[in-house]
Each structure stands twice: as C-alpha cells, then as structure tokens.
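These are my notebook entries on a structure that is new to me. I set down what I looked up, one topic at a time.

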Amino acid sequence: MPSVAVAPTIFVVDDDPLILAFLQTALAPQGYSVELFETGERMLGKVQSAPPALFVLDVRLPTTDGIELVRTLRSIAACAEIPILMLTGEGRLDRIVMAMQAGANGYLMKPFAPEQLNAKIRDLLAG
C-alpha cells in the first residue's frame with residue numbers, strides 16, 4: 001500500500017486578522033496545513049503537544065515580542081531545529097539582526113507577494 005504524504009503544518013502568529021486571512025489563503029493551496037494564532041501565548045500552548053514543520057511569526061505582537069518568541073521557541077527542545085520565518089513591516093537593520101541572532105532562519109518584509117512567501121517557505125522546509 002503506498003504511503004500517504006502528510007501536509008507540513010505551519011504555525012502562523014500575527015495579531016492582524018487580515019494578515020492571518022491572507023496567509024491562510026496564500027499557504028493552504030500550496031498543500032500546507034496552516035494553524036493561525038493571534039498571540040504567541042496561544043501558539044505556545046499547542047506547540048509542545050504538536051510541533052509544526054515551520055513557524056511564521058510577526059515581529060510586532062501585542063503581548064510577547066516576536067523576537068522574544070523566537071528565543072522561547074529555541075529554548076524548547078521539540079522546537080530547537082524547526083525553521084522560523086519572521087514577517088514584519090519594520091525594516092530596521094538592528095531588528096533584523098536581533099531576530100537572526102535569536103534564532104530566526106529568515107526575514108520577509110511586508111508587503112510581500114504570495115509567490116515570494118511560498119518560495120521562502122519552500123527553501124526553509126527544504127533545509
């Protein structure tokens with residue numbers, strides 16, 4: 001019996017419902033299982049029991065800063081090697097450097113095209 005491929009799960013954290021809807025629309029047709037969270041705390045509540053294949057995190061979040069969220073994820077054994085893509089409308093070089101030093105694997109500036117997002121995600125999942 002042939003094996004059935006399981007869709008990679010992507011956890012997306014962004015406090016903007018319009019961005020979450022856009023990301024769902026951009027990623028689901030590519031074959032990803034997408035789980036949306038408006039806060040890092042909600043995502044962290046699920047990550048230990050079912051870690052995803054990839055995280056997509058906004059830098060600016062209402063309670064936990066996205067860069068701090070990267071540090072937290074990297075401290076969780078089950079998440080230490082999972083790729084993290086940061087999304088932001090903030091282009092300050094120091095914030096980009098901070099995110100990468102915290103353990104992010106990629107950084108994408110808003111606004112971006114769905115094709116650009118999907119290409120970056122494919123690269124990160126390919127390792």
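This is a predicted model: local features need pLDDT of at least 70, side-chain atom pairs count only at pLDDT 80 or more; totals for chains, interfaces and linings use all residues.

Entry 1: Residues are numbered from 1 along each chain as its sequence is written, and side-chain values use heavy atoms, with hydrogens and water left out.

I then looked up aromatic pairs, taking rings of Phe, Tyr and Trp (its six-membered ring) as paired if their centres lie within 6.5 Å; planes under 30 degrees apart are stacked, over 60 edge-to-face, and the rest tilted. The count by this rule is three aromatic pairs. In one of them, the ring centres of phenylalanine 11 and phenylalanine 55 are 6.1 Å apart and the planes stand at 75°, so I record the pair as edge-to-face. Phenylalanine 11 belongs to strand β1 and phenylalanine 55 to strand β3, so the pair links distant parts of the chain, 44 residues apart (strands are DSSP runs of E with at least two residues, helices runs of H or I with at least four, numbered from the N terminus). Phe11, Phe37 and Phe55 form one aromatic cluster.

**Entry 2: salt bridges.** I searched for a side-chain nitrogen of Lys or Arg within 4 Å of a carboxyl oxygen of Asp or Glu, which defines a salt bridge. The structure holds six of these salt bridges.

Which residue forms a salt bridge with aspartate 14? I found lysine 110, at 3.0 Å from N to O. Aspartate 14 sits in the loop between β1 (9–13) and α1 (17–27), and lysine 110 in the loop between β5 (106–109) and α5 (114–126), so the pair ties together parts 96 residues apart in sequence. Aspartate 14 is buried at a relative accessible area of 1%, whereas lysine 110 is partly exposed at 22%.

Lysine 110 also forms a salt bridge with aspartate 58, their closest N and O atoms being 3.4 Å apart. This pair again links distant parts of the chain, since aspartate 58 lies in strand β3 (residues 54–58), 52 residues from lysine 110. Aspartate 58 is buried, with 5% relative accessibility.

I noted another salt bridge, between aspartate 94 and arginine 92, at 2.8 Å. Aspartate 94 is partly exposed at 38%, and arginine 92 is partly exposed at 44%.

**Entry 3: strand β4.** Is strand β4 buried or exposed? Five of its five residues (84–88) are buried, so the rest of the structure largely encloses β4. Ile84, Met86 and Thr88 are buried on one side, and Leu85 and Leu87 on the other.

I next looked up its neighbours, counting strands as paired if DSSP finds at least two bridges between them. β3 and β4 pair in the parallel sense over four bridges, and aspartate 58 has leucine 87 of β4 as its bridge partner. The chain passes from β3 through helix α3 (residues 66–75) to β4 in a right-handed β-α-β crossover, meaning that, with the strands pointing away from the viewer, the path from the first strand over the helix to the second runs clockwise.

β4 also pairs with β5 in the parallel sense, over four bridges, and leucine 87 stands opposite leucine 108 in β5. I recorded a right-handed β-α-β unit here too, made of β4, helix α4 (residues 93–102) and β5.

Definitions and conventions:
Buried means under 20% relative accessible area, exposed over 50%, partly exposed in between (1.4 Å probe, protein chains only).
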